[in-house]
Amino acid sequence: MDIVKIRPLVIEDYSGLKTCMIRAYPQMPDAFWKEHQINRLLSIFPEGQLVVTINDQIAGCALSIIVQYDRFGDNHTYREITSNFTFSTHDAKGDTLYGIDVFVDPEFRGRRLGRRLYDARKELCEQLNLSGIVFGGRIPNYHEHSDELSPRDYIQKVKNKEIQDPTLNFQLSNDFHVRKVLRGYLLGDEESKEFATLLRWDNIYYTPTTDKKSSAVKSVVRLGLVQWQMRLYRTVEELFTQMEYFVDAVSAYRSDFALFPEFFNAPLMALHDELQEGEAIRALAGYTERIKYKFAELALHYNINIITGSMPLLRNGDLYNVGFLCRRDGSVEQYEKLHCTPDEIKCWGLKGGNTLRTFDTDCGKIGILICYDVEFPELPRMLAQEGMNILFVPFLTDTQNAFSRVQLCARARAIENECFVAIAGSVGNLPKVHNMDIQYAQSAVFTPCDFAFPVNGTKAEATPNTEMLVIADVDLDLLHDLRHSGSVRNLKDRRTDLYNIAFSLKNPIIIEAPSDLPILSDNMA
């Protein structure tokens with residue numbers, strides 16, 4: 001007797017999963033999920049990925065994510081709901097289980113395995129207290145009737161049993177109802193003529209909870225930018241006093257984030273002015289751990305997320321330019337500069353890092369790039385692919401033309417990636433610190449350029465070369481509206497059929513999907 005089991009998917013299943021999927025979609029033999037995509041789903045929502053096995057052989061699979069459905073509504077495409085197959089739209093605090101894919105090996109069809117997978121999904125939906133299950137369903141037999149019938153008429157005839165569509169018939173028999181017809185849902189789905197049915201199953205046991213509402217990501221986020229005056233300090237404690245002064249001031253305005261500049265701690269190199277440039281900055285790296293812990297302490301005490309600018313870090317004998325995200329819940333994560341300028345390499349021997357990623361915060365996903373990195377548009381684009389809404393750029397520039405490179409590139413990144421960009425730099429001079437003699441800065445918050453935003457794309461900016469704070473509110477809901485109904489839609493309108501971005505190293509970020517990714521939807525064909 002055959003033994004049938006429903007269990008969670010694990011990455012060791014990938015080989016069998018791939019074979020099953022290729023067999024399930026013979027008309028699209030190259031359209032299978034890549035291993036890094038399955039890894040991504042397992043890392044963000046392991047309980048939502050299910051397989052059915054017969055005698056330990058994978059016979060079918062169901063993949064899903066959780067979304068906050070009102071952020072997408074009924075008018076969306078497969079690429080939009082999956083964020084171009086990166087699944088950065090997954091929201092553990094969302095209210096709806098969204099079906100990414102269901103398939104069954106043809107060898108095992110007719111054994112009600114699809115029903116078992118759907119029932120397991122429904123049970124998961126109830127356990128997680130989600131409002132329901134939604135997905136876009138293919139109508140693979142529609143191409144046979146598209147010359148005579150509209151999608152609406154075709155669906156009605158399937159409901160009336162006048163036409164057989166195995167996919168839609170199966171979904172309707174499992175208590176899903178058609179909410180609407182989606183045009184252009186799945187590009188390349190010739191059998192469905194790129195139409196899909198938006199199907200939903202409602203969880204009758206769903207109870208909205210105050211926890212979900214209270215844990216929702218804020219819509220309006222207040223940013224505090226520190227335009228830092230370079231001044232000499234006799235001890236690291238004097239630096240700490242100045243750090244706390246600005247954290248206190250920004251917190252007093254009830255800011256959600258405080259952004260410090262790149263190498264804001266450079267004045268401490270004056271304590272080692274007897275050393276050569278390369279040796280002095282390595283001596284500066286000796287303060288990094290103490291500064292990190294001080295910032296973490298301030299983030300907790302003042303209830304604010306702090307982006308610590310940057311500071312040198314010695315790792316295995318090599319010198320890197322890194323910073324820390326110190327969240328107000330006490331957690332700390334590191335980011336690093338990927339591109340070093342020729343002068344940084346020549347004078348200090350800096351090396352570029354290898355890690356690029358977004359960070360989850362209580363105000364949504366953010367990205368952080370240090371100075372020169374913002375001049376490489378590929379990096380913010382990959383962060384935007386991951387769902388970044390705010391990009392923070394701590395910088396250090398000595399002349400106005402150097403500053404202009406950072407400023408103009410940051411403004412472009414806000415438009416290209418439909419996000420907010422905050423930049424913060426240092427001002428003043430350090431006569432006792434070689435290679436850090438003068439600074440020029442005008443810290444600012446930049447926005448996309450559309451009707452809901454400032455006409456020049458600048459939300460707020462500091463007075464040039466003056467120590468001060470910039471406090472600005474940014475509304476994340478405006479970004480959502482822009483991406484779906486803006487005058488132009490840079491992210492949505494990308495021609496990913498012609499080009500893509502790839503990260504060449506194994507990295508936590510999920511990069512822009514190549515053109516041969518699966519062309520799939522929840523499908524029991």
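**Strands and their partners**

Phe-392 pairs with Ala-422 of strand S18 as its bridge partner. The model is predicted: local features need pLDDT of at least 70, side-chain atom pairs count only at pLDDT 80 or more, and totals for chains, interfaces and linings use all residues. Residues are numbered from 1 along each chain as its sequence is written, and side-chain values use heavy atoms, with hydrogens and water left out.

Start with S17 (residues 390-394) and S18 (residues 420-424). Five bridges join them, and they run parallel. Strands (E, at least two residues) and helices (H or I, at least four) are DSSP runs, numbered from the N terminus. Two strands pair if DSSP finds at least two bridges between them.

Both strands belong to an open sheet of six, ordered S15-S16-S17-S18-S21-S22, with mixed pairing. S15 (359-361) and S22 (458-461) are the edge strands, and each pairs on one side only. Neighbouring strands here are turned by 20° against each other on average, direction ignored. The axes are lines fitted to C-alpha atoms.

Now turn to strand S8 (residues 220-230). Eight of its 11 residues are buried, meaning under 20% relative accessible area with a 1.4 Å probe, protein chains only. S8 runs antiparallel to S23 (residues 468-475), and eight bridges join the two. There, Leu-223 has Ala-472 as its bridge partner.

S9 (residues 257-259) runs parallel to S8, with three bridges. Together with helix H8 (residues 236-252), S8 and S9 make a right-handed β-α-β unit. Right-handed means that, with the strands pointing away from the viewer, the path from the first strand over the helix to the second runs clockwise.

Notes: Buried < 20%, exposed > 50% of the residue type's maximum accessible area, 1.4 Å probe, protein only. Axes fitted to C-alpha atoms, helices over the stretch in contact; angles between N-to-C directions.
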